[in-house]
Amino acid sequence: ALPISKHYIGRILFMILYDNGTWLGVAFRFEGTVLQTTWRVTLIVFVLSCISWFVELDFGLELGSTGNTIFGPTMCYLLVFRANAALQRYYLGRQYLTKVFMAVREFTMLTCVACRGGAAGAAWRASRSTEEELLELEDQNDIR
């Protein structure tokens with residue numbers, strides 16, 4: 001049996017069928033993808049592209065020109081530069097987030113070591129007392 005994940009948004013059921021057994025199942029999956037909602041538009045764009053290509057071939061028309069302008073290389077350079085800057089910001093944010101998580105972990109560990117609790121905590125650490133025994137021993141130093 002395949003694992004199935006069901007997601008409801010409003011009244012619409014979004015189901016993702018995971019079939020990772022073969023690469024064909026991953027490459028040609030339809031259920032659980034964005035194609036379920038956009039297949040009509042995608043098909044229209046594909047048909048119109050094929051029609052315009054056949055018209056260019058049959059009638060010798062050129063519907064667009066490649067042109068030798070500076071726009072293309074400049075745009076490529078700016079996109080690469082922007083992607084590089086975004087990647088640098090991502091890794092900087094990731095480093096900061098790692099430092100925050102490490103600080104929270106260290107603070108939590110320090111708190112667990114420094115705040116040993118009261119009599120109920122000591123009884124639980126010593127003999128894993130039952131909850132009823134811990135409630136009898138609990139004092140102001142035991143945090144709930």
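From the N terminus on, the elements of the protein run β-β-α-α-α-α-α, which amounts to five helices and two strands. Helices (H or I, at least four residues) and strands (E, at least two) are DSSP runs, numbered from the N terminus. The model is predicted: local features need pLDDT of at least 70, side-chain atom pairs count only at pLDDT 80 or more, and totals for chains, interfaces and linings use all residues. Residues are numbered from 1 along each chain as its sequence is written, and side-chain values use heavy atoms, with hydrogens and water left out.

**Confidence**

- The protein averages a pLDDT of 80, and 81% of the residues score at least 70; pLDDT is the predictor's confidence in each residue, from 0 to 100.
- Where pLDDT is low, the predicted coordinates should not be read in detail.

**Surface and contacts of the whole protein**

- Of the 144 residues in the protein, 6% are buried; buried means under 20% relative accessible area, exposed over 50%, and partly exposed in between (1.4 Å probe, protein chains only).
- The protein exposes about 13200 Å², of which carbon and sulfur atoms supply 66%; accessible areas come from the Shrake-Rupley method with a 1.4 Å probe, and for residues only the protein chains shown count as cover.
- Among contacts with a separation of 6 or more, 5% are accounted for by residues 24 or more positions apart, where contact means heavy atoms within 4.5 Å.

- Ala 120, Gly 121 and Ala 123 are buried in helix H4 (residues 119–127).
- Seen down the axis of H4, these buried residues fall within an arc of 165 degrees, so they line one face of the helix; the arc is that of the directions from the helix axis to the C-beta atoms.
- The buried residues of H4 pack against helix H5 (131–137).
- Arg 128 follows H4 and has a positive phi, near 50 degrees.
- Ser 129 is found in the loop between H4 and H5 and counts as buried because its relative accessibility is 12%.
- Leaving aside residues up to four places away in sequence, Ser 129 touches Ala 123, Trp 124 and Leu 134.

**Aromatic pairs**

- The count comes to three aromatic pairs; rings of Phe, Tyr and Trp (its six-membered ring) pair if their centres lie within 6.5 Å, and planes under 30 degrees apart count as stacked, over 60 as edge-to-face and the rest as tilted.
- One of them is the stacked pair of Tyr 77 and Phe 81, at 6.4 Å centre to centre with 20 degrees between the planes.
- Both Tyr 77 and Phe 81 lie in helix H3 (residues 71–114), four residues apart, about one turn of the helix.
- Tyr 77 is exposed, with a relative accessible area of 56%, and Phe 81 also counts as exposed, at 54% relative accessibility.
- The rings of Tyr 90 and Tyr 91 have their centres 5.2 Å apart and their planes at 70 degrees, so this pair is edge-to-face.
- Tyr 90 counts as partly exposed at 49% relative accessibility, as does Tyr 91 at 42%.

**Cysteines**

- The structure holds zero disulfides, a disulfide being a pair of cysteine sulfur atoms within 2.5 Å.
- Cys 50 counts as partly exposed, at 27% relative accessibility, and Cys 76 counts as partly exposed at 49%.
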